[in-house]
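Reader: Please take a close look at one part of this model, the pairing of oppositely charged side chains.

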Amino acid sequence: MLIRIKCGSGSLPEIVPRFGTESFLKLISSVTPEDKKHFSTSRLLTRDRSEIYNSRRKVYIRPINDLNREDRRRSAPVVSPSQQFSSAVRKALEQMYPEESLRLAEYYPAGLKLDRYMKSRNLNLEGVKLRRKEALIKRILDEEFNFGDTATDIDEQEKRSQDYNKRREKLEKIHLDRWVPLEFDKVCSFAYLLARSSAEYAVLDTILKEVQHQEPDFNPKTFFDFGSGIGTGFWAASSVFGRFSEIFCVDKSTHMNDLARSIITQGVDNGPLPNGLSFRLHFPSSTSLKYDLVLSAYTMMEVSSANQRLEIINSLWARTEEEGCLILVELGTNAGFQIISEARDYLLQIGGEDQNKVDIVAPCPHTVACPRYFRDDVPCNFSVRYKPFEIKFFENPRIHNESYTYVVMKKGRRSKLPLPRLVEEPLKAKNNFYCRLCTQDGSLQEIRCNKKFHKPLYNFSKFLHWGDEMPVALEYPEEDKESRSQDRANIHCDAKS
């Protein structure tokens, strides 16, 4: 079991800015390989766009198939909830929740506040990390409050005790940042529906379409949704894959389940659910029933410890049918990325070196240690543009952005050969496009598409977006192969430590 926070021992000389290299080289001349970069688990970080991945590696690029741009657009697509989903939400609000529909102007700001809180949360500290933080707090308090000099005055002792407790509470708030699970009551469920469900639908729709692209013969008929919430996974999966013969939804919130039923029945009181659809509050005790598609979206953050998260992931994997897929999705924060990295490492360890047992469908083009985790200080996340529901409350909808991180694991071998994937939006500078890729050999690489020397690829790069695959083959000079092998070995060494 691998539970890590450190990003690894990558040093600054691996990254060089595109402009002003002379001053930068003077700066990094004093940096030693022992300098460590640490991976935060809290806020979302963004990379300096003037920095280049692996600038000292010489790479040749070659398109590997026809660069078809017919289905592509210059701007990133905007995803909206399906017409069926929006219509069901509208009818449920009008027929079953007339009083709540009059208070949407109150629920929506509360939902935005909930959204900001969810994206600011850290993982719960535990084990050695918690003990180190507690020892740090104790050391600071001992230095600031020297109790060796005991005061004789009772009032002075009481004041020092009060100051000590206040200071301790402040330090605990700064360093411990206590994790608290979310409890969804009726009000919180409606706030979540307005502020979060459209974003989650856009994320799931994007991921499921990527699965459909990578696995063209994958046609799931059974679906297991852990942490189903208001049923966003049901609507997204039904929109992409069509009708399922069995759908099993698990969510611990009764209010969430009630709201999901009301939306699916389109506001009909005690209306019949589609055949094969069922809701439960807890996991079934048996794992004998297998499902073609298993989903856990935005749920693992509510689990208190890493061991419990891995137990749940192990149970979800046990419920996945052979040649089926397990999809794990979290917020695109560092905390969410750590959860996905834990699950990815754990499932790859279960499969061992045999890719016929477990393989990664998306987004990783490889099954080795994640280079973004060990050689970078920002999470491996992606972005989607979306619009809210088509209901009266959102009469003039704006386009929003949502960051997410995910992994799709297949119980078997993937169908298509992987291609390098863009880990950031392509950067245009004069007559060049700079594309930052995660490659099949498990390394990060930046390539330059020049208008003169790579005109077809340059024109195709105009239609590429963050998270897309890039149909190119990367070729390295013979003299660079040894350095690349050594770099991958260093990453694998970090993964085992």
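Reader: How many salt bridges does the count come to?

Author: The count comes to 23 salt bridges, each a side-chain nitrogen of Lys or Arg within 4 Å of a carboxyl oxygen of Asp or Glu. The model is predicted: local features need pLDDT of at least 70, side-chain atom pairs count only at pLDDT 80 or more, and totals for chains, interfaces and linings use all residues. Residues are numbered from 1 along each chain as its sequence is written, and side-chain values use heavy atoms, without hydrogens and water.

One of these bridges joins Arg 196 to Asp 115, with N and O 2.9 Å apart. Arg 196 sits in the loop between α7 (186-195) and α8 (197-214) and Asp 115 in helix α4 (residues 104-120), so the pair ties together parts 81 residues apart in sequence. (Helices, H or I of at least four residues, and strands, E of at least two, are DSSP runs.) Arg 196 is buried at 1% relative accessibility, and Asp 115 is buried at 13%; buried means under 20% relative accessible area with a 1.4 Å probe, protein chains only.

Lys 410 and Glu 215 form another bridge, their closest N and O atoms 2.8 Å apart. This pair links distant parts of the chain, 195 residues apart: Lys 410 is in strand β14 (residues 400-410), and Glu 215 is in the loop between α8 and β7 (222-226). Lys 410 is buried at 5%, as is Glu 215 at 3%.

Asp 345 and Arg 344 also pair, at 4.0 Å between the closest N and O atoms. Asp 345 is buried at 12% and Arg 344 at 5%. Shared partners join Asp 115, Lys 119, Arg 196, Glu 200 and Glu 402 into one salt-bridge network.

Technical notes. Buried < 20%, exposed > 50% of the residue type's maximum accessible area, 1.4 Å probe, protein only.
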